[in-house]
Amino acid sequence: MKKTNLMQEIVGEVQGRREGHGFVRPDDGSEDVFLPLEEMRHLIHQDRVRVRVVRHDRKGRPEGRVLDILERPTRRIIGKLLQENGVWLVAPEDRRYGQDVLIPDAATAHARVGQVVVVELTEAPSLHGQPVGRISEVLGDADDAGMEIEIAVRKYDVPHEFSPACEKAAAALPATVRAVDRRGRVDLRDIPLITIDGEDARDFDDAVYCEPAKVGRGKGWRLLVAIADVSHYVPSGGAIDHDAFERATSIYFPRRVIPMLPEKLSNGLCSLNPEVDRLCMVCDMLITASGKLHAYQFYPGVMHSHARMTYTQVADILGNTRGPLAVQFADRLPDLLNLHGVFQALLAARQARGAIDFETTETQIICDDSGRIAQIVPRVRNQAHRLIEEAMLAANVCSADFLLKRKHPALYRVHEGPSPERLDMLRNYLKAMGVPQTVGDAPQPQDFQAIAEATKERPDAPQIHSMLLRSMQQAVYTPHNNGHFGLAFSAYTHFTSPIRRYPDLLVHRVLKAVLSDGKYQLPAIPPPGQAHAKLAQKLAARVAAPQADEAQTPHQRSRQPATADATMLAWEAAGLHCSANERRADEASRDVESWLKCQYMREHLGEVFAGKVSAVTTFGLFVMLENLYVEGLIHITELGDEYFRFDEARQELRGERTGTRYGIGARVTVQVSRVDLDARKIDFILARENRSRPSASGKRPESPTPVVDDEVLLADTLVSAVRRREARAATARPAARNGSAYNDASKATRARGKRAAASKAVTAKKGRRAK
């Protein structure tokens, strides 16, 4: 990350904070610039501004002054309608907006106090006045079922209604596959392709079939992966395509899906439902007994799914080939055994190339009829999940190889290795934890897998594996192939989910164009204008360049300037758009899950749970509750009556007086102390019996936990509360300047006096009881 110089002018996007201050995230990727409260008074979260760096704080971080507001996005603000002293206000649900919005009496849209509404700003905030707006939509009461999803889709600007033109085009599509649609396609209807998905799946975009085959001079398998041919029904640049591009991905919420395509396509005409004809794009592969890809071909086909099976059913059959389910699906049993055989070969090849394969716990929220959480359960990955995963990986690799050899522009799924900064942090951490293995300046995936294998029996293995994962970069879509580091593939793309991912749809179109000796031209989406200009501004810093030198590291290649070619620029813009919308979908899903978990934990205030430390920061510990899979924060002021220092190398907090240490993976017992539904935050405190107990990585103090009565506990709580307020106020406000320094010092002195008085009260009470 580049350092900013004093008086340097920077253009970027404002990121508000709930405490009132903010930051500017520069377009050029340099470090964020701090904006104090007085600078944020006339700004809104996500404004584009030009700022000048006017000073650096004691840690060397830049602080800026706003010179110009370059762009003010016409964002809608979601919040709760309030009335104070006869004045209508909307308190933003997203606290990053910082200020309440004034609503004139004539602009309330007949909403009631306490309802959740959508506001359009009519007047921007100024140094001396709050923003003013009008209510454009009334969503309902805060406790209405599904309100958290209604808030999220508007908060993240998720398109959730199809345009009239899109709905009209979808309605005009046929209900079934017609004879004219089958022309020029390979007829696979006699091949027993099957779909394998989760119990709650509604759209089926992939089907598989495997049979033994002679590969070269040895034995192997013929593996067919048939994918729904969405491109046949969604013409490039049409109304359905425009809406699909705008969404870029389907978003999965508990109890609701916002699909990329209209339901007639996603759950009907394109879904590979059982016992009906469906159009498909096929990757037909020959795989050796050692799991090596020997040959492949792509072609459009027509298929007839012979069964809709679930992961649970397939895993049960493979685990007991003479059980009741195996008898029920006797016709499919030989094909399933062949699929399991090719899976084992592909898995062996995966391990041989050193692909990273960390086992992580994913959870599923099960809601009741009212939309509230009934249960949070882990998603168990069985052999059937991994079988389908390996088959899809093989098809994706073939599509990437096909596109590379034909030298046609397309979107690759690129996952680059760790940046130099993250590598340094990881090396320091491994050294501090006594791990003999390390990583070099040009690490390979097998290096990470070797560390994971060497440390899997250690008690701190979860902590080490978590740090390995955190050193990775996020995967993106780009027309420049820099390989997939995590999967250890030199080229990789997404081909297998065109119903729910737009990049897959683009890959299908390119494959078809190449197969017919043509060339695919991207439609003019997004339309030229400000949106396209904003994308172009960010390309230089965020999009990797083509492989110019095989000897260079992926990180070095990503630093090269992007080509100015118009065609490539359009593909770069499409990749950036799809990557950004993928992040948007993830954030919206996490927001809804966090809201539901906060609502769930409000019913458990004061209760005690066992948990594990999931992350360590300078301000406290994040703890994941065992069995509930809910995460909350223990603020550093709640860890005990001593100063805790953050050890960046070990990623742990250590007490200076007792040496008590809290690291990732440490077991703690916590009490739920506070739930903030608006901020999506849950606060824990250490349970009383756990306060003198360190983490698994520290040493237990000899002194037992003291037994106190209610009056002593009350005084102790007073002390903690004063410390907590002082610490949080210090982190929330910028450094004091001029005359305010004296006032802050006076407040701190008064706070210390209150703590001393409370401590004396505790001591006196103990003395009286001792007498």
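This is a predicted model: local features need pLDDT of at least 70, side-chain atom pairs count only at pLDDT 80 or more; totals for chains, interfaces and linings use all residues.
Modeller: Before we look at any residue, a definition is needed: a residue is buried when its relative accessible area is under 20%, exposed when that area is over 50%, and partly exposed in between, as computed with a 1.4 Å probe on protein chains only.

Biologist: Where does Gln444 lie, and why is Gln444 called partly exposed?

Modeller: Gln444 sits in the loop between H10 and H11. Its relative accessibility is 40%, and Gln444 therefore counts as partly exposed. The C-alpha atom of Gln444 is 8.0 Å from that of Gly417, although the two residues are 27 apart along the chain.

Biologist: Why is Met303 called buried, and which residues is Met303 in contact with?

Modeller: Met303, which belongs to strand S18 (residues 293-304), has a relative accessible area of 1%, so it is buried. Leaving aside neighbours within four places in sequence, its contacts include Leu188, Arg189, Ala207, Val276 and Cys280.

Biologist: Why is the pair of Phe23 and Phe34 called edge-to-face?

Modeller: Rings of Phe, Tyr and Trp (its six-membered ring) pair if their centres lie within 6.5 Å, and planes under 30 degrees apart count as stacked, over 60 as edge-to-face and the rest as tilted. The centres of Phe23 and Phe34 are 5.5 Å apart and their planes stand at 70°, so this pair is edge-to-face. Phe23 lies in strand S2 (residues 22-26) and Phe34 in strand S3 (residues 33-35), so the pair ties together parts that are 11 residues apart in sequence. With a relative accessible area of 21%, Phe23 is partly exposed, while Phe34, at 14% relative accessibility, counts as buried.

Biologist: How do you know that the pair of Phe644 and Tyr662 is tilted?

Modeller: Its centres are 5.9 Å apart with 50° between the planes, and the pair is tilted. Phe644 in strand S27 (residues 644-647) and Tyr662 in strand S29 (residues 661-663) are 18 residues apart, and the pair links these distant parts of the chain. Both Phe644 and Tyr662 are buried.

Biologist: How many aromatic pairs does the structure hold, and which residues form one aromatic cluster?

Modeller: There are 10 aromatic pairs, and Tyr296, Phe298, Phe402 and Phe495 form one cluster.

Biologist: How do you know that Arg247 lies over the face of Phe162?

Modeller: A charge sits over a ring if NZ of Lys or CZ of Arg is within 6 Å of the ring centre and within 35 degrees of the ring normal. Arg247 is at 3.7 Å from the ring centre of Phe162 and lies over its face, and Arg413 lies over the face of Tyr477 at 4.5 Å from the ring centre.

Biologist: Why are helices H4 and H13 called oblique to each other?

Modeller: Axes are lines fitted to C-alpha atoms, for helices over the stretch in contact, and angles run from 0 to 180 degrees between N-to-C directions. Under 35 degrees is roughly parallel, over 145 roughly antiparallel, 65 to 115 roughly perpendicular and the rest oblique. Helix H4 (residues 239-247) and helix H13 (residues 502-515) pack at about 135°, with axes 9 Å apart, and H4 and H13 are therefore oblique to each other. In this contact Asp241, Ala244 and Phe245 of H4 meet Tyr502, Leu505 and Arg509 of H13.

Technical notes. Residues are numbered from 1 along each chain as its sequence is written. Side-chain values use heavy atoms; hydrogens and water are left out. Helices (H or I, at least four residues) and strands (E, at least two) are DSSP runs, numbered from the N terminus. Contact means heavy atoms within 4.5 Å.
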